[in-house]
Amino acid sequence: MTEMAATSWDASRTFWRVRSMLFFLGVIAMNYTWMRPSPVDLIFLSALGVCVLVDQPIRTSFVAFLTIITLWILAYLNASLPYAGDNDVQHELLAKTFVALLAILAAYIASAWQRRDFDTFLKIYLLSTTIAGTIGIVAFAIGHPSLTWDGRAMAFIDDPNMFASFLIPGALAAVYLV
């Protein structure tokens, strides 16, 4: 390996580590979505920015996922166009598009993972959901009005439905890791 190729490979590995650290930090930050943009949004966007500096091949499975999610994006955009003047619709379009962007980011990063990386992700996700679940249980038990909504726990996540959706994969990760 030439010296220039070795330097390029070392830089790519460094950016790979930075991107992974940002991604995993974002998974932990998913606990807090009260403000917009939330810290998790900014962390994941930073991870996306670092992706261009990582020398990672694009795999067929990622292209298949990208095709499916692109079709989904086009479908909801097409269905929403007649109502695009409505502020609520604009907000939902922005939110759905950002979630789709995060899904693309996660799929791209995960497409190059080894088993060890996947296990690390599951452990970090489990830690994140354990933190959120503990806060939610305490908030529900004491009836804290800022951390519950209509008697439903939500911790620091802005919607109890999203809170529940966030916790379910954590339970599956726990079963997998046992």
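Modeller: Take T148, which touches A139, F140, G143, A153 and M154, leaving aside residues up to four places away in sequence. The model is a predicted one, and this applies to everything that follows.

T148 belongs to strand β1, which covers residues 148-149. Is T148 buried or exposed? Its relative accessibility is 13%, and since buried means under 20%, T148 counts as buried. A polar atom of the T148 side chain also lies 2.7 Å from the backbone oxygen of H144.

Follow the chain onward from β1 and the loop between β1 and β2 comes up, with D150 in it. D150 has a phi near 55°, which is a positive value in a residue other than glycine. With a relative accessibility of 73%, D150 counts as exposed, because the cut-off for exposed is over 50%.

The loop between β2 and α6 holds A155. Here too phi is positive in a residue other than glycine, with a value near 50°. A155 counts as buried, because its relative accessibility is 1% and the limit for buried is under 20%.

Helix α6 contains P169. P169 has a relative accessible area of 35% and is therefore partly exposed. Along the chain P169 and Y125 are 44 residues apart, yet 8.2 Å separates their C-alpha atoms.

Now for the chain around this part. It has six helices and two strands, and in sequence order the pattern reads α-α-α-α-α-β-β-α. Its C-alpha trace spans about 65 × 45 × 25 Å along the principal axes. Of the 178 residues in the chain, 34% are buried. Among contacts with a separation of 6 or more, 68% are between residues 24 or more positions apart. The chain exposes about 11,100 Å², and 70% of that comes from carbon and sulfur atoms.

The remaining topic is empty space. Rolling a probe the size of a water molecule over the atoms shows where such space is left.

The largest pocket has a volume of about 1,200 Å³. It is lined by 33 residues, and D41, F98, V99, L102 and M162 are the closest to its centre. Two or more lining residues come from each of α1 (3-29), α2 (39-51), α4 (87-110), α5 (115-142) and α6 (160-177). Which element gives the most to this lining? That is α4, with eleven residues. Sorted by class, the lining of the largest pocket has 23 nonpolar, four polar and six charged residues.

The second largest pocket holds about 220 Å³ of space. Its lining consists of 13 residues, with R13, W16, S20, R116 and D117 nearest the centre. The elements that give two or more residues to this lining are α1 and α5. The largest share, five residues, comes from α1. By class, the lining of the second largest pocket has five nonpolar, three polar and five charged residues.

Notes
Residues numbered from 1 in each chain as written. Predicted model: local features only at pLDDT ≥ 70, side-chain atom pairs only at ≥ 80, totals over all residues. Heavy atoms only, no water. 1 Å grid on protein atoms, 1.4 Å probe; cavity = no way out; pocket = protein on both sides within 12 Å on 5 of 7 lines; lining within 4 Å. Points joined across faces, edges and corners; volume = space filled by probe spheres on them. Helix = DSSP H or I, 4+ residues; strand = E, 2+ residues; numbered from the N terminus. Nonpolar A, V, L, I, M, F, W, Y, C, P; charged D, E, K, R; others polar. Buried < 20%, exposed > 50% of the residue type's maximum accessible area, 1.4 Å probe, protein only. Polar contact = N/O pair within 3.5 Å; in protein donor to acceptor, adjacent residues only side chain to side chain. Contact = heavy atoms within 4.5 Å. Areas by Shrake-Rupley, 256 points an atom, 1.4 Å probe, with all protein chains shown as cover.
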